[in-house]
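Trainee: Could you show me how to read a structure like this one, step by step? I would like the general idea before each case.

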Amino acid sequence: MAMTQQELVDMLSSLTLFADLTRPQLEQVAHKMTEESFPVGQRILRQGFTGTGFYVILDGEVAVKIDGEERAKLAKGDFFGEMSILLGEPPVADIVTLRQLHALHLGGPELEGFLRDHPQVMYRMLKTIALRLRNASRWRS
Amino acid sequence: MAELAQRPFPPGDYPVVVVGSGPGGLQASYFLKRLGIEHALISADPAPGGMFRRFPFFQRLLSWTKPYAPVPRDNRFYEWYDWNSLLADEADARAIMPTLMDGTSSFPSRPEMEANLAAFVERAGLRVRYECRWEATRREGDCFVLSTTDGEYRCQVAIFAVGIAEPYKPDTPGFDLIAHYADTRAAESYAGKRLFIVGKENSGFELATGLLQWAQRIVLASPRPAKLSVNTHSLLGVRARYVQPFEDQNLGGGVFILNASIDRIERAAGGGFRVLCLRSDGGAELSVDADEVIAATGFQCPLRDLQQIGVAVFGRSNLPAMTNYWESATVPGIYFAGTIGQGVAGMKKYGQPANSGAVHGARYNARTMVYHVATTHFGVELPRPEVKPDALVDLLLTEATRAPELWNQKSYLARAFSLDAGQGIRDEGIVPLAQFVDEEGGAAVAIAVETDDTGDIHPAVYVREAGRPAIESLLASNPLHDFRSTENRAQLSSLLSGASAGAIR
């Protein structure tokens, strides 16, 4: 979907990941990240491929697949790609578009600086990762 | 009426209609013509050139043409050294740009570029219906109907190459009071002025560089710190040609580069403007008075009513959502060429974008797109030359070392070969890399050139076994970018021995 600058900033303020940012900080996020669109069926992260990026979903839906098997779905406000960048390893899952995806993208090499510039985002991201870890532990037990 | 009748492509039915006479429209028309696909090329402009009829205002283009290269100009590999000529198979229509430059720079001036495109139209024998403005679009059965100032055009496939040409200003209060980059006047009219430029991309720095010797003071502001291309290892960021304002800032020379968002712009009591900013580091308010404020805030796609027939768009530039072949993701049969192609992100490895927004990337996208249109809509069968098994490794490494498509569109376009046991090895030409690695097909290999986060440039090989996703392998780089090493030959041979066993033997 096409959005004005103000509409994009308003949308970012409604996402949990960016909930603690002031308006100038949200504007900076909107300028640091680029908007991208992916058609249905395209892989955005590819298992075993180098050089991936960090994505925040603005609209649409993706599937998380490992060896072709769907493990989860992600939609508006969810993010992906951070694990591979933080660990410096290729992704262990494919991310495949289920519904036309509109996302914000940040190149992998920029993620560390971005999180250091915006520690509130780092904290929110950490909480989400902790939740994922807890849920993964529950499934195993 | 007599005059109207003499112009090419009168309104009517055509298999394909191409809209736009900038580099994208001309390149698409050229390859349609080469394949014998009847089409109309229409343009609202009175002459070819597209954006190069006006921009850039100051100095020169950002894309090089090196007249003296290690390969002759009639060689395909020369295209890597000449980013501004359009592609052609005929000797007199290719590598036109270097013949029109005066030797003062490897970056052509805007008028030289405009002349280059006009010469291409003439030498390639392209016909264009100028001053025919596309105004509205509708669907009738399987056809698209384009209403223009000259009448209606019906077509099966429509290719829009209308640029990202419509000035865009954010909806922040006060932007309606100020000029856009596109409204920039002659440099001398800014003599002695306090200038405020909103935006720290290349267009903002182009103005700052061009007006350094005229303005009394120049402030550039946008929320995020400016990126420099020499740091991003790509064309992303402010180009080396525009870094003078940084040096002036660092020396205290009347240039100020601020990281701040614009809260609002007001008219100042004594004339001029007051720009109220919020600093990105902490949000402190900052008020700057200026005689002139220019919004270097980019452009949007002038897609007119395409959204009403279902074309999905995204982002502040109003880009269409597209497939890997630059077809609308929501309305099959509508394609895009030229700078709009940058809406297809591709692999974007390490965050580095392709050069689809520039001629040296868009010309290859246009050719690949036309070949796709020809095969999928018009049943054209493109040649798929057979390759001898013992030649494949050398061919792949030579492509990685020299192919202009792979070097201009890193991690985006690849050279592919199918490895079918029955048909042998077939040259599948240049393909979108994201398409190749995601589609399930027969055994195949593709090679691309990629840059990592350290700036290292190396070949990447994608080997696909029948019915399975491709597997990525990186080959070794080389200080002189010659990838045809013994080490790479051995690694590539080993990679190919599995998937291609049937075809290679």
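Mentor: Let's begin with a term: the radius of gyration is taken over C-alpha atoms, and the globule rule is 2.2 Å times the number of residues to the power 0.38. Before we use it, note that this is a predicted model, where local features need pLDDT of at least 70, side-chain atom pairs count only at pLDDT 80 or more, and totals for chains, interfaces and linings use all residues. Residues are numbered from 1 along each chain as its sequence is written, while chains are lettered from A and ligands numbered from 1 in the order in which they are written.

Trainee: What radius of gyration does chain A have, and what would a compact globule have?

Mentor: Chain A has 141 residues, for which a compact globule would have a radius near 14 Å; the value for chain A is 15 Å, which agrees. Along the principal axes, its C-alpha atoms fill a box of roughly 40 × 30 × 25 Å.

Trainee: How many helices and strands does chain A have?

Mentor: Helices (H or I, at least four residues) and strands (E, at least two) are DSSP runs, numbered from the N terminus. Chain A has five helices and six strands, and their order from the N terminus is α-α-β-β-β-β-β-α-β-α-α.

Trainee: Is Lys32(A) buried or partly exposed?

Mentor: A residue is buried if 20 or more other C-beta atoms lie within 10 Å of its own, exposed if 12 or fewer, and partly exposed in between, with C-beta atoms placed from the backbone. Lys32(A) counts as partly exposed because it has 19 C-beta neighbours inside 10 Å. In chain A, 45% of the 141 residues count as buried.

Trainee: Where is Lys32(A), and which residues is it in contact with?

Mentor: Lys32(A) sits in helix α2 of chain A. Two residues are in contact if their C-beta atoms, placed from the backbone, lie within 7 Å. Setting aside neighbours within four places in sequence, Lys32(A) is in contact with Leu106(A), Phe114(A) and Arg224(B). Lys32(A) and Phe114(A) are 82 residues apart along the chain, with 8.5 Å between their C-alpha atoms.

Trainee: How many residues does each chain bring to the contact between chain A and chain B?

Mentor: Chain A brings 32 residues and chain B brings 35. On the chain A side, the largest share, five residues, comes from α2(A). To sort residues, Ala, Val, Leu, Ile, Met, Phe, Trp, Tyr, Cys and Pro count as nonpolar, Asp, Glu, Lys and Arg as charged, and the others, Gly among them, as polar. The chain A side then divides into nine nonpolar, 16 polar and seven charged residues.

Trainee: Which residues have the most contacts inside the largest nonpolar core?

Mentor: A nonpolar core is a set of buried Ala, Val, Leu, Ile, Met, Phe, Trp, Tyr and Cys residues joined through C-beta atoms within 7 Å. The largest has 108 residues, and Val17(B), Ala28(B) and Ile159(B) have the most contacts inside it. Helix α7 (residues 359-377) of chain B gives the most to this core, with seven residues. Another core, of 40 residues, lies apart from it and includes Phe436(B) and Tyr462(B).

Trainee: Where is His180(B)?

Mentor: His180(B) lies in strand β7 (residues 179-180) of chain B. Beyond neighbours within four places in sequence, His180(B) is in contact with Pro167(B), Lys169(B) and Ala295(B).
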